Each structure stands twice: as C-alpha cells, then as structure tokens.
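Keep the model open as you read.

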Amino acid sequence: MATHLEASHVGSCCAPTTDRSAPVAERPPEAVLARGARSTRGQVRVPAGDFWMGDSHGDGYAADGERPVHLVRLSSYLIDSRAVTNAQFAAFAKATGHVTDAERDGVSAVFHLAVQAAPADVLQRAAGVPWWLAVRGADWRHPAGPRSSIADLQNHPVVHVSWRDAQAYCTWAGKRLPTEAEWEHAARGGLDRARYPWGDDLMSGGRWRCNIWQGDFPRRNTLDDGHLTTAPATAFQPNGYGLHNTVGNVWEWCQDAFRPTEYAERAGEEAVVDPVASDPTGTDEAQVSRVMRGGSYLCHDSYCNRYRVAARSSNTAESSSGNIGFRCANDA
C-alpha cells in the first residue's frame with residue numbers, strides 16, 4: 001500500500017498528514033474492543049464554570065480559527081494529569097493486541113534530526129515540510145525509527161498514535177478523549193485569558209516552563225530546555241489544576257472534528273454550554289480532520305507559535321507522527 005506525507009498546515013511544523021491510499025474496505029478490520037470499566041485513575045477534577053475560549057492576545061493564525069474569543073460554560077469533568085505514556089500504552093497493546101495505524105502500514109513520520117534508521121528505511125520527505133521524513137518501521141515502539149526503542153522512555157508520552165488509536169485506548173481504559181473546550185479550560189489551570197498555563201510570559205526567572213524548540217528551526221536545536229524530542233510526561237511544573245505539559249512536548253488529540261469557522265459559528269451573547277464540534281457528514285472517519293492541542297517539541301516562535309493554550313491545529317484521524325500523543329478525560 002502506498003503511503004505519503006504532506007503538510008497539514010501552510011507553514012506548519014506541527015505534524016504531516018498521512019495519505020493512505022488503500023480504500024477503507026481493503027484495510028484489515030479493527031478489533032472490537034469491549035469498553036473497560038470506568039476508571040478515574042491518574043485524573044484530576046476540573047470544576048464547573050465559565051471561561052473565555054480563544055486567542056485574547058492576537059497571537060494566532062487566522063486560518064486556525066482561534067477567534068472570536070467567546071464565553072464557554074462547562075460542567076465539571078475529569079482529565080488526566082499527564083499525557084498517556086509508553087508504559088500505559090504498552091499495557092493496552094498487550095491486553096488487546098491492538099495494532100496501530102502506523103504499525104499496520106509500516107511507516108510513520110519522524111523529525112529529520114531524530115531519525116534512527118538505515119538509509120533504505122527513509123522513504124521520502126514530506127511535501128512542503130521537508131524536515132519530516134516517512135520512515136519505515138517507525139511506530140510507538142520505535143519512535144525514531146527501527147533502530148530506536150522505548151526501553152528508556154517508559155514515562156515519556158506515547159507518540160505515533162492516530163486519533164483512532166487514541167480512541168481505542170480510551171475505550172479499553174474506561175475513559176474518553178477530552179472535548180476541545182475541556183482541553184483548553186483544563187490547560188489554562190484557572191488563569192483565564194492567559195497566553196500560557198503559567199501566565200503571559202514564556203520564561204519565568206530565566207527558566208523554560210515547557211518543551212519547545214530553541215535555536216534555528218529546523219536545523220539546530222540548542223537544547224536549552226534539555227530535550228530534542230519528547231520529555232517525560234511530568235517533566236515540567238504542573239499548572240493550577242495539576243496538569244503537566246499542556247503546552248509543548250506533544251500535540252494532544254481532542255474529541256472534536258476540526259473546523260476553522262467553529263468559533264465564529266457558535267459565538268454569541270450567551271455562554272455556549274459544553275460545546276463539541278460534530279463530525280461532518282459524508283466523510284470517511286479516517287479522513288475527518290480532528291483537533292489537536294498544545295503544540296510540541298518542534299514549536300518555535302519564528303515558525304509555528306502554537307505552544308499557547310489558545311492555539312489550535314488538526315490532522316486526519318488516521319495520521320501519526322513522532323510528536324502526536326493524547327490524554328484522556330471522563331465525565332465527573
């Protein structure tokens with residue numbers, strides 16, 4: 001089966017879209033997973049309340065649809081304090097035999113400075129974003145390619161997981177993906193309208209507060225924050241609600257379908273209650289664009305300023321790369 005990568009956004013370092021050419025009918029059927037008993041392990045409670053959702057600082061990209069800022073009212077809910085780790089995903093894979101989209105297709109996207117693979121396994125550069133390479137044998141067990149492993153990365157966020165893989169994990173774990181509104185509210189940690197989970201200034205006392213790119217993107221990373229790719233899921237100080245790494249490190253899948261016009265369509269004089277963007281009709285689930293939040297270790301002010309709590313991005317439900325993970329949520 002032919003698989004190729006292309007830019008998911010204009011001027012994007014976010015993550016390339018995977019274009020898988022096999023018709024859905026020819027793809028192996030997914031295992032039917034029994035929903036696990038509801039679990040709140042590792043989750044924190046976020047209180048019900050109102051918050052202003054969107055970009056209050058004018059930092060965003062118009063094409064991402066971060067405006068207008070609008071009032072959202074959420075019921076109380078639970079959310080993981082950290083992204084799902086390699087150790088947690090390994091337990092899921094062992095228990096269910098789940099095969100990820102990247103494993104099934106035998107290829108996924110790896111950042112060019114991180115590749116650990118034979119030259120023959122580097123298949124192509126992504127169209128429009130040449131720092132992303134399609135690497136044969138890259139998957140969640142081998143995040144940098146077939147010569148890498150997760151032996152020393154058990155407490156790092158799992159990557160190379162598609163939205164469909166994340167959904168499967170949530171089903172097994174007795175949880176669900178957060179809605180986009182829940183994600184942003186939780187990521188803010190109680191600091192309404194702030195640029196970052198800790199306030200409006202990127203650095204605090206000369207210290208980095210998140211795992212993003214320092215240096216000259218995409219050629220040289222000075223590693224001032226200590227990380228070229230992923231950091232441990234609890235590497236940096238948590239926000240006011242107890243959540244770690246809600247910006248930087250890895251992009252996180254949300255439940256919602258992505259539309260750049262979503263905010264404009266739902267904004268009004270009254271608060272919108274527990275919003276979630278519904279799936280478009282007539283589109284195969286694998287090709288539906290899904291919301292990603294939080295930015296990743298590749299974000300940099302000179303190129304992709306999406307490590308803010310208001311920032312939005314998206315990718316198709318079947319896409320995977322070395323900087324996309326997720327965390328889970330639950331009804332309160």
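Start at Ser319. Its side chain makes a polar contact with the side chain of Asn315, at 3.0 Å. A second polar contact, of 2.6 Å, joins the side chains of Ser319 and Thr316. A polar contact here is a pair of N or O atoms within 3.5 Å; within protein, one must be able to donate a hydrogen and the other to accept it, and residues adjacent in sequence count only if both atoms are side-chain atoms. Ser319 sits in the loop between β17 (312-316) and β18 (324-325). Helices (H or I, at least four residues) and strands (E, at least two) are DSSP runs, numbered from the N terminus. Ser319 counts as buried because its relative accessibility is 0%. Buried means under 20% relative accessible area, exposed over 50%, and partly exposed in between (1.4 Å probe, protein chains only).

A word on the source. This is a predicted model, in which local features need pLDDT of at least 70 and side-chain atom pairs count only at pLDDT 80 or more, while totals for chains, interfaces and linings use all residues. Residues are numbered from 1 along each chain as its sequence is written, and side-chain values use heavy atoms, with hydrogens and water left out.

Now the aromatic rings. Rings of Phe, Tyr and Trp (its six-membered ring) pair if their centres lie within 6.5 Å; planes under 30 degrees apart count as stacked, over 60 as edge-to-face and the rest as tilted. By this rule there are 16 aromatic pairs. Take Phe92 and Trp172: their ring centres are 5.5 Å apart and their planes stand at 50°, so the pair is tilted. This pair links distant parts of the chain, with Phe92 in helix α1 (residues 86-96) and Trp172 in helix α3 (residues 163-173), 80 residues apart. Phe92 is buried, at 0% relative accessibility. Trp172 is partly exposed, at 29%.

Phe111 and Phe217 make another pair. Their centres are 6.1 Å apart and their planes lie at 20°, so this pair is stacked. It too links distant parts of the chain: Phe111 is in strand β7 (residues 107-111), and Phe217 is in the loop between β12 (215-216) and β13 (220-221), 106 residues apart. Both Phe111 and Phe217 are buried.

Ring pairs also build a cluster from Phe89, Phe92, Trp140, Tyr169, Trp172 and Phe326. Charges meet rings as well. Arg290 lies over the face of Trp163, at 3.8 Å from the ring centre. Arg306 lies over the face of Tyr61, at 4.4 Å from the ring centre. A charge sits over a ring if NZ of Lys or CZ of Arg is within 6 Å of the ring centre and within 35 degrees of the ring normal.

Next, the interior. In soluble globular proteins, nonpolar side chains tend to be buried together. A nonpolar core is a set of buried Ala, Val, Leu, Ile, Met, Phe, Trp, Tyr and Cys residues joined through side-chain atoms within 4.5 Å. Which residues of the largest nonpolar core touch the most other members? Of its 37 residues, they are Phe89, Val158, Tyr169, Leu177, Trp253 and Phe326. At least two residues each come from α1, α3, α4 (180-188), β14 (251-257) and β16 (289-293). Helix α3 gives the most, with six residues.

Look at Tyr169. Leaving aside neighbours within four places in sequence, Tyr169 is in contact (heavy atoms within 4.5 Å) with Val84, Gln88, Phe89, Phe92, Phe326 and Cys328. Another core lies apart from the largest one; it has 14 residues, among them Val44, Met53, Val72 and Ala181.

Helix α4 is mostly covered: nine of its nine residues are buried. Gly189 follows α4, with a positive phi near 60°.Finally, the backbone. Most residues other than glycine have a negative phi, and most peptide bonds are trans. A cis peptide bond joins Arg67 and Pro68, with omega about 5°. Pro68 and Ala264 are 196 residues apart in sequence, yet 6.0 Å apart in space, C-alpha to C-alpha. The bond from Phe217 to Pro218 is also cis, with omega near 0°. Leu223 has a positive phi, near 60°. Asp274 has a positive phi of about 45°.
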